[in-house]
Amino acid sequence: MFRHSNFVEFAQSFGTDEQCLAYLCEVKWKKGYQCRKCKHDKFVKGRTWYYRKCQKCQYDESCTSNTLFHKLKFPITKAFWIVYQLGTMKKGMSTMEISRQFGIHQKTAWFFKRKIQQAIQNGEAPKLKENVEVDETSIGGFEEGAPGRTKGKKRIVQVAIEVEHTVESGRTKTIIKNAGATVIEGYTSKELSKGIEKMLESKIVVTTDKWQAYEKAVGDRILLQFLSNKGQNFEELHYHIFNLKNWIRGTHHHISRKHLQAYLDEYHYRFNRRNNILSCPSRLISRFVRTPWLAYTTAIGN
């Protein structure tokens, strides 16, 4: 795993196709070679130094084959650089900004960003496990006649944060350790329970507002409920929701309904690793190698 303190250092380490491909060979076959066709474990050099040819069936496999780097439409150096920027920038980058900075078509930038999101979703997100607060919000802008928990045409997002309370100079300070968000289809106990099961560990303390549906939704967890008091009783939670919505408005302006979960996962992937953000690029590249190739038609439909 590599760590670079800034983009200039990263670009120097991965400034040529050869440097990027050599690193991919190291990541892909670090646990040993095994032919994808016949499972044989012996190989010889393939058509280039970045291929492995099976001694038994002669299948010649590149270091990008069956990975998200397969069939790139632009140099692999740019792919590495985009991964670094999206992995380390607090607010990420829009596809228009990726297109402008790296000189690629906007649709190509969108497709590659979907690959990054696919790599993020390919890994299991850690569940929140202590002092968890949960609430829901709607994403999609103001909609007349759909106040509060009225669904309307907006997407409902359940948001959870794990908080830590510390005492400094006699004053209690509350910080958010980790967070998560998931799209749900309604405010019923059944839908709320889906989000809770996805994001939260079992047998923990969960704090929510007075919405009655949570009484059944929390399952085997201990439920504490307080009046929201216009957000004052859940200050950190509402602050996190505020930042999430600002990220969507400010960086992306608009997100399609079917890809909203992927963007929520991208946001929280960086947020939960904000204290170790420089490790994100290497982790993402490793996930790129472990994740099977994504076709454009599949990316559009997901």
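**View 1. Helices H3 and H10 cross at roughly 125°.** Their axes come within 8 Å of each other. This is a predicted model. The crossing is right-handed. From H3, the contact residues are Phe80, Val83, Tyr84, Gly87 and Thr88. They meet Cys280, Pro281, Leu284, Ile285 and Phe288 of H10. By class, eight of the contact residues are nonpolar and two are polar. None is charged.

**View 2. Helix H3 is largely enclosed by the rest of the structure.** H3 covers residues 76–88. Eleven of the 13 residues are buried, which is why the helix counts as largely enclosed. Among them are Ile76, Thr77, Ala79, Ile82, Gln85 and Leu86. Phe80, Val83, Tyr84, Gly87 and Thr88 are buried too. What do the buried residues of H3 pack against? Their partners are helices H1 (7–13), H2 (17–28), H4 (95–102), H5 (106–122), H9 (260–271) and H10 (280–290).

**View 3. Helix H2 packs its buried residues against both strands and helices.** H2 has twelve residues. From its first C-alpha to its last it reaches 16 Å, close to the expected 16 Å. Which residues of H2 are buried? They are Cys20, Leu21, Tyr23, Leu24, Cys25, Val27 and Lys28. The strands they pack against are S2 and S3 (60–62). The helices are H3 and H10. An α-helix has 3.6 residues a turn, so residues three or four places apart point the same way.

**View 4. Helices H5 and H9 pack at an angle of about 65°.** Their axes lie 9 Å apart. H5 and H9 are therefore roughly perpendicular to each other. The crossing is left-handed. H5 makes the contact with Trp110, Lys113, Arg114, Gln117, Ile120 and Gln121. H9 brings Gln261, Ala262, Tyr263, Asp265, Glu266 and Tyr269. This contact has five nonpolar, three polar and four charged residues.

**View 5. Thr48 sits in the loop between strands S1 (43–45) and S2 (51–54).** Is Thr48 buried, partly exposed or exposed? Its relative accessible area is 32%, so Thr48 is partly exposed. The range for that class runs between the 20% limit for buried and the 50% limit for exposed. Thr48 and Gly219 are 171 residues apart along the chain. Their C-alpha atoms are separated by 56 Å.

**View 6. Lys203 has a positive phi although it is not a glycine.** The angle is about 55°. Lys203 lies in the loop between helix H6 (189–199) and strand S7 (205–208). With a relative accessible area of 67%, Lys203 is exposed.

**View 7. His253 also has a positive phi, and His253 is not a glycine.** Its value is near 65°. Where is His253 found? The residue lies in the loop between helix H8 (235–252) and H9. His253 counts as exposed, at 64% relative accessibility.

Terms used:
Residues numbered from 1 in each chain as written. Predicted model: local features only at pLDDT ≥ 70, side-chain atom pairs only at ≥ 80, totals over all residues. Heavy atoms only, no water. Helix = DSSP H or I, 4+ residues; strand = E, 2+ residues; numbered from the N terminus. Expected span 1.5 Å × (residues − 1). Buried < 20%, exposed > 50% of the residue type's maximum accessible area, 1.4 Å probe, protein only. Contact = heavy atoms within 4.5 Å. Axes fitted to C-alpha atoms, helices over the stretch in contact; angles between N-to-C directions. Parallel < 35°, antiparallel > 145°, perpendicular 65-115°, else oblique. Left-handed = near helix turned anticlockwise from the far one by under 90°. Nonpolar A, V, L, I, M, F, W, Y, C, P; charged D, E, K, R; others polar.
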